[in-house]
Amino acid sequence: MPMEAGQQFLTPAESHAVDGALLSQSEKFLTRLTISSFRLLQTIAAEEQLAIADLTPEIIIAWFEKDAKRKREQGTEKPVLDW
């Protein structure tokens, strides 16, 4: 499911589930990062009209460049990523 600008990469329910998991703090961090990364890869794949398995580092880098350009040209409300 592609994400829209301003959406969270980890829902409150997912965050709560991670918090309740029997994991160390560093393992919880890595779990959140992995879930968020998966969601971002879904977004990139949808925008590029590719399967996640077909994404390459070059395609991912190009997508980040496009997202940064979108932020510069259209303002901070338009990019998918907002750190």
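**Exercise 1.** In this predicted model, find the residue just after helix H2 that takes a positive phi, and name the residue with positive phi that follows helix H3.

Solution. Step 1: go to the end of H2, which covers residues 25-48. Just after this helix stands Gln49, with a phi of about 55°. Gly75 follows H3, and its phi is positive, near 95°.

**Exercise 2.** Check the spans of H2 and H3 against 1.5 Å a residue.

Solution. Step 1: the expected span is 1.5 Å times one less than the number of residues. Step 2: H2 has 24 residues, so it should span 34 Å. Its end C-alpha atoms are 34 Å apart, which agrees. Step 3: for H3, with 18 residues, 26 Å is expected. From its first C-alpha to its last, H3 reaches 25 Å, which is close to that value.

**Exercise 3.** List the residues of the largest nonpolar core, and state which helix gives the largest share of them.

Solution. Step 1: the core has six residues, namely Phe9, Leu40, Ile44, Ala45, Leu55 and Trp63. Step 2: helix H2 supplies three residues, the largest share. Step 3: take Ala45 and leave aside its neighbours within four places in sequence; the contacts are then Leu50, Ala51, Ile52 and Leu55.

**Exercise 4.** Describe the salt bridge between Arg39 and Glu14 and the one between Asp19 and Arg32.

Solution. Step 1: the structure as a whole holds six salt bridges. Step 2: the side chains of Arg39 and Glu14 meet at 2.6 Å, N to O. This pair links distant parts of the chain, with Arg39 in H2 and Glu14 in H1, 25 residues apart. Arg39 is buried at 13% relative accessible area, whereas Glu14, at 22%, is partly exposed. Step 3: the side chains of Asp19 and Arg32 meet at 2.1 Å, N to O. Asp19 lies in H1 and Arg32 in H2, so this pair ties together parts that are 13 residues apart in sequence. Asp19 is partly exposed, with a relative accessible area of 41%; Arg32 is partly exposed too, at 23%.

**Exercise 5.** Locate the salt bridge between Arg70 and Asp67, and name the residues of the network it belongs to.

Solution. Step 1: the closest N and O atoms of Arg70 and Asp67 are 3.1 Å apart. Step 2: both residues lie in H3, three residues apart, about one turn of the helix. Step 3: Asp67 counts as buried at 3% relative accessibility. Step 4: the network of salt bridges links Glu47, Asp67 and Arg70.

How values were computed:
Residues numbered from 1 in each chain as written. Predicted model: local features only at pLDDT ≥ 70, side-chain atom pairs only at ≥ 80, totals over all residues. Heavy atoms only, no water. Core = buried A, V, L, I, M, F, W, Y, C linked by side-chain atoms within 4.5 Å. Buried < 20%, exposed > 50% of the residue type's maximum accessible area, 1.4 Å probe, protein only. Helix = DSSP H or I, 4+ residues; strand = E, 2+ residues; numbered from the N terminus. Contact = heavy atoms within 4.5 Å. Salt bridge = Lys/Arg side-chain N within 4 Å of Asp/Glu carboxyl O.
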